[in-house]
Every structure is written in C-alpha cells, then in structure tokens.
Amino acid sequence: MALVEIRDVHKRFGMQDVLKGVTLDVEAGEVVCLLGASGSGKTTLLRCINHLESLDGGEIKVAGELVGYARGVDGKLEEEPDRITSAKRARIGMVFQRFNLFAHLSALENVTEAPVQVLGVSKADAEKRALDLLARVGLKDRADHYPHELSGGQQQRVAIARAVAMEPRLMLFDEPTSALDPELVGEVLETMRRLAADGMTMILVTHELAFAREVADRIIMMADGQVVEDVPPASFFSTPQHPRSKAFLARAMRPA
Amino acid sequence: MRHLLSAAILVLAATPALAACPVRAPAGLVTPGTLTIGTMLTNPPQTFVENGEPAGFDIDMSRAIAETMCLKTEFVNVTFAGLFPGLMSKKFDYLSSGLGITPQRRETFDFVPYFRGGIQLVGRKENHFFFQNEEGLCGLRVATIAGTTQALALERANRGVCKQRPIDFRYFPSFNDAVIQLTKNSADIAFVDWGFASYISRLMPELAPASPIISGRPDVPRNLMGLAFRKSEQAQEKAVSEAIQVLERNGTYGKLLDKWHLRNGDVRNQSDDKPKAKAQSGSFAIVFDSKAFFDTLFSTQFFLPALTTLGITLVAMLIAIVLGFGGALAALSQSKILRGIVQAYLGFFRGVPVLVQIVFWYNALPVLTNNAINLPALVAGTLALGLNEGAYMTEIIRSGLISVDPGQREAARALGMTKAKAMRRIVMPQALRVIIPPTGNQFIAMLKTTSLLFAIAVPEIFATGTDIYGRNFKYFEVLSVVSIWYLVLTGLLTLVQKGVERRFQVRQRPAVKGALALEHN
C-alpha cells in the first residue's frame, strides 16, 4: 500500500476546474516533484493532500486514512470533525512559499509551539529537540531571534525545522524557494537534500529543475489539472514524452 | 406707535376689559414687544404641554400678565438645570416654572410671589400611605427631583429623624419621572409639588395623595412660589408685580386658580412669608467664586461618584469586549445566519443614539416586559453603554483579526492545530497588537460617555455636579471641578493605556498581508 493514494481528485474554484481527475500514488521514502506551468494545479493538489483545500470529487488517503473526510454508511464521503482532521494533519508536514513563521514567536518558539500544543510534548523536551533541529539546519545561534530578524533563507530553514519537529510521515513543500533571493536558495535546498537523504517522504512543487533532477525519484508533470507524465527524472529530462512536457522543458531550459 | 397698534389689535380681538394697557410695558425686554419666559414644560398642572402648546396655571398667568401690558408671550422650554443659568445669561425676561422662593435662591435672584406652594407625598392607593411627618418615610424609597425645595427639605430628615434608617432617595429629571417610579414599583413614595400631587391623582386613579399639603419644615409656613428675575432688572420685576395686582383685583387670578383646581394656592391666603427687602439692585455680576471652587474641589463628595464612574467604565468595557470578540468571530464565520445577526446588531446599536438606548433600557424595558424586567438605573445604564460599545468593539476586533496574514492561520492548521487553538495561540496574539491601541481609546471615550447616565439619575460625576449647582447656582465653579475630575481620570487611563501598549510591544513586526500567500498554479 502506497503512503499517499490520490484517486480521481477533482477541484473547482468557482467556475474554474483546477483539478480534473488526478490519480497518483507516492510510496513511503519517495521524493516526488510536481512540475508544470502556472495554473496547472500542482499547488492545489498539494494543499488537497492535507485538506487545506476540500475536494469536489475523488479521494485522498495518507497511510491508508482519508484526510478531512469519513466514509458514511452509504459509502459517500462526509466532512469529519475538525479535531480528527487536525490530528491527521499533525503527521503531515508542510512548508510554504512565504515561510509563514509565527510572527509573534521566536525561532525556537516557532519550532516548539506545535509539539507542545498539539502533541502534548513537555516544554523542556520540545526545546531540547527544537535546539537540536535548529542546529541541524544551521541556526542554533538564531534560536532567540524573531522572524523579522532572520533572512528569508533562514526563515525557511526554521520553517522546515518546525515541520520536522512534528515527526511527520510525509512532507509537502509548496515552492519553498520561490520567494527567496537567488543567493539564499542554496541553503534551503541543502536542508531539503539532507531531509531526502534521511529517507523522508517528500512531495514538492518546485521550479528548481536541477534540484528535481538530482533529488527526485519521480517527476510528475501536470498540465490543465491533470497528470500528463509520471516518470523517473533521467527519462523526463532526456526524453520527455508528452508535448506539454516538451514545451515546458524547452521554455525552462531556454538560456535567460 | 407700536403701543397704539397692539392696543388696536387687542380691541379687534374683542377683549373689552383690556382695551387699554393697565400696566406699562417695561423697557429692556429680551425681545421687544414680547415677554420671554423660561419654563420647564414637564410640570403639570403649572407648566406642561397640551396639544403641542404650553399650558397650565403658570402659562395662563404669564399670558394674562402679558395682556395687561399689551405684550405677546414667548415660552422657552428648558430643563430644570437650564432655568437659572438661562435667566442669568439673559435668555429670558423671567422664569415661571413653579419655582419655590428659598433664601438661597433669593441671594442670587429676585422673586415675585404668585402662588402658594407646598409639598405633598403621593403613593400607590393600594398601600394606603398617609404620613403626618417625615418619620414615617424612614427606610422607604422616595422619588423626587434633585436640587428642588422638596429635595432639600426632605434631605434634612436623613440627618435627623431618619438617621438610623435613612430614606432611599432617587432623583429624577421631572415630577413625571418621579411619579412613574410609583407605577413601576421602583419607589414607594414620590415627593412632589402639591399641585402636581392633586393633578396626577385625578389623572391616575391608582395613585393618591399620601400626606397633607405641607411646607418643607414643620415650623414654617408653606413656601411661596415666585416668578424669578435678575436682580439687575428692577423695572421688569416692578411691572410684572403691578400686573399681578391688577389680575388679583379684576378676578382673573381667582378664575385661573379655579380653572386648574389650585384654589389652595391662592397667594393672598398666606400669613406673612413676604420676601424681605431686596438686596441692592444691580449688584449681580458674574465672578469666579474661588472659595466655592476650592471647597467643591477638595470636598469628598466626588470620591464615590468618581469610583462609580470608573466602575461603570470598566464593567461596560468588559461587556463590550466580550461582545466584541463574539461579534467579530461571528462576523468572520462561515455561517450566513451568524453574519446576519452581527450585521443587525451593528446596524441597530450604531444607528440609535446612545442616550436613547440608555433611557430605553431604564424606562421602556419595564413597560415592554410588563415590569418583568425592571433594572436599577446603574445596571440599566451600564448595560446600555456596554451593549452599545460592543458594536464598536466588534469592528475593532474584527479589523484586528483580518489584519493577521491568513498564512499564519494556515501554517497553524497545517501543524495540526484545531481552528480554536490556531485562533487562540497564533492569530489572536498577533491581532491583539492591532486591537489594543484603539481599545484604549474606547476606554477613555467610555469614561466620558458615562456622564450621559445622569439622565437616569445614576450618581456618577456629572450627575453629582448637577446636583450641587442645582442648589448653589455656582455653575462655572462646579463644572470646573467636574471637568478636573474627568481630566484626572482620563489622565490615569491614558497612563494605563501607555503601559499596556508597551507590554504588548514585543520584538516583532506584524505579519503583514502582502504579496499573495496563496497561488493556484
């Protein structure tokens, strides 16, 4: 059984169909990159996995469980209570494009907040682990700094530590380097690279093609709300099959 | 010329008795050709409004007085607190409003007596109250008007016979309001002019006079009511005095007394309580009485009212903040019904003047609920202020909540926090930084708004001030002291506000809602 099972997922925003029947499996330990042009639905798909967006059709299971829904007696999906969804989300890490560090908390408090408040870890244990994680992302000496006192790259590394502190079985990255100055991208990618090496299951939306090529186990090419190609990176970058993949790569590889 | 013309008009109006003007009109009237009379038209049967026109014994008297001088009349309706200041500042030629002649008032004003006053208690008929002296009133709830002869007379009892079980005084803006307390059962006895007592007992059969017509003190005759004049204007006083004599002689005075069932008020039947020789004329000048000012400033009589004002402010703001949080959360909720309720709440409470709301909670609610809900003035007033302020706090808290970047909430949710926990731990602490400064301002505004509760006789700072100047006529001095008290309290609150703001100034910049956090690609 795959860790993430996505089955015929549909999503609409108003009149617009953003996802038109996406089906996808992600195995435990896999690193999967979602590529595609703007508006192809990759961020929406990511946000559906931890139910930050509701589904208009199909279903998504993580570790065999529906997220945000329960199957009713008639077999149809029904919204489940917030409390239960929240507990499931706690095991799915997410890293945002704009970091979304808690502005009123220090780096250390950002990392300890959810373990203490959600998992019920003692404050002392949470701090010990948080300092350890901050050290692993190279920010031990920034533990007492507030978000606005950190660079974008540092903020994103704290955000990754914050997500990892919840010991997730799966991590979702939503364009984690898009909001960074070019010289800060490297430090964040390095952090992610190490996470992948540790065996973390990762689904990431990114425009860093070199990184995708190096780290990903699979490349998922999305276009118009559908998966059009699902192949290992070597074959994707050397011999793209789908016309949309070819067009995407041609545009991306064009020298600036 | 004008003289002749008005005489001609009077002839045309077919009033043969007054074909000529028996009394010469005095010079220096506020409006030439017209007697301008200050009165409080909430005091039947002497001064009130009937069919949209001033009516009553006093009104008829002034009309008759004006006729003897071939003048027109202009009645200016003011509150009790506005009578004497208006006379001082030459808004009227004289006052006719059932005003008792007291030594204190005679220090500042001249009076021409025209009616024999006196006071009388009114109670509910079912209680069969009838009192011969103040002693029976000890421990009862007595409604009356602040600063009047009646109130002064009765307050003496609390220092004497009722020292052990004091009378529970409740002050109201008019005799009407005082008597309404009887029907609401929020007073046992109303202490009013005898004329009003007999008038209201005829009007409302459930009420009855509960004492003989008495004077303020057992050892003095019933006091006279007088038309009040500025000491500086002897000519007007003299002319009006002459006019009254004419009316007494030609029987008009007696007819008017009979018309209003006030035979007992005939000024000619009293013994010898004639006003003594007047103080030197023209001596009156507005000067700042520094002794009165400092006596009032350093007296303890504002301590309790200041505490009351602070207490009302705190409780009303507490109500408002609780309502504001509820309202803001409801306004931002998914539920159309909740949002609709909040819209209605905001629309109503921001659209209706807060003074109207205050009087509503106090006076209209008991009527509306058939007396099932009859709140004491302090409770009704505090509730009214809190409910009204809740509308403003809803908006302040709502804007605080929406000032927090939605990404903050999203990150909290992604970490497994429930909606409630994300609100409490992540969104609210950041929103508070936006909410606290305007809330401090609302606190200060509320402290000042509590002064409106004087309208329902809550003993806060301003009401206490009106009580004091209602007796000593030191408007400027007393209001200066009142202002100082408010300044001190708002100053204190400002200090507290600064302290609280500093505490919440943590090392953080707000998570500003900027570039779109959410991109559908």
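**Exercise 1. In strand 4 of chain B, find the bridge partner of Thr39(B), and state in which sense strand 1 and strand 4 of chain B pair.**

Solution. The model is a predicted one.
Step 1. Thr39(B) has Asn77(B) as its bridge partner in strand 4 of chain B.
Step 2. Strand 1 of chain B covers residues 34-39, and strand 4 of chain B covers residues 72-77. Six bridges link these two strands, and the sense is parallel.
Step 3. Strand 1 of chain B also pairs with strand 5 of chain B, residues 94-95, through two bridges in the parallel sense. Here Ile37(B) stands opposite Tyr94(B).

**Exercise 2. Give the strand order of the four-stranded open sheet in chain A and explain why one side of strand 2 and of strand 5 has no neighbour in the sheet.**

Solution.
Step 1. The order is 2-1-4-5, with antiparallel pairing.
Step 2. Strand 2 (16-26) and strand 5 (65-66) of chain A are at the edges. Each has a single partner strand, so one side of each lacks a neighbour in the sheet.
Step 3. The pairing of strand 5 of chain A with strand 4 of chain A (residues 57-62) is antiparallel and rests on two bridges. Lys61(A) has Leu66(A) of strand 5 as its bridge partner.
Step 4. In general, strands of a sheet pair through backbone hydrogen bonds, and the sense may be parallel or antiparallel.

**Exercise 3. Explain why helix 6 of chain B counts as largely enclosed by the rest of the structure, and list what its buried residues pack against.**

Solution.
Step 1. A residue is buried if 20 or more other C-beta atoms lie within 10 Å of its own.
Step 2. In helix 6 of chain B, the residues that are buried are Phe175(B), Asp177(B), Ala178(B), Val179(B), Ile180(B), Gln181(B) and Leu182(B).
Step 3. The helix spans residues 175-183, and seven of its nine residues are buried, so the rest of the structure largely encloses it.
Step 4. The buried residues pack against strands 7, 8, 9, 10 and 11 and against helix 7 of chain B.
Step 5. After helix 6 of chain B comes Asn185(B), with a positive phi near 60 degrees.

**Exercise 4. Describe the side of chain A that touches chain B.**

Solution.
Step 1. The contact uses 31 residues of chain A and 26 residues of chain B.
Step 2. On the chain A side, helix 1 (42-49), helix 2 (82-89) and helix 3 (107-119) are the elements that give two or more residues.
Step 3. Helix 2 of chain A supplies the largest share, five residues.
Step 4. By type, the residues on this side of chain A are 13 nonpolar, 12 polar and six charged.

Notes. Residues numbered from 1 in each chain as written. Chains lettered and ligands numbered in written order. Predicted model: local features only at pLDDT ≥ 70, side-chain atom pairs only at ≥ 80, totals over all residues. Contact = placed C-beta atoms within 7 Å. Nonpolar A, V, L, I, M, F, W, Y, C, P; charged D, E, K, R; others polar. Pairing = 2+ DSSP bridges. Buried ≥ 20, exposed ≤ 12 C-beta atoms within 10 Å, placed from the backbone.
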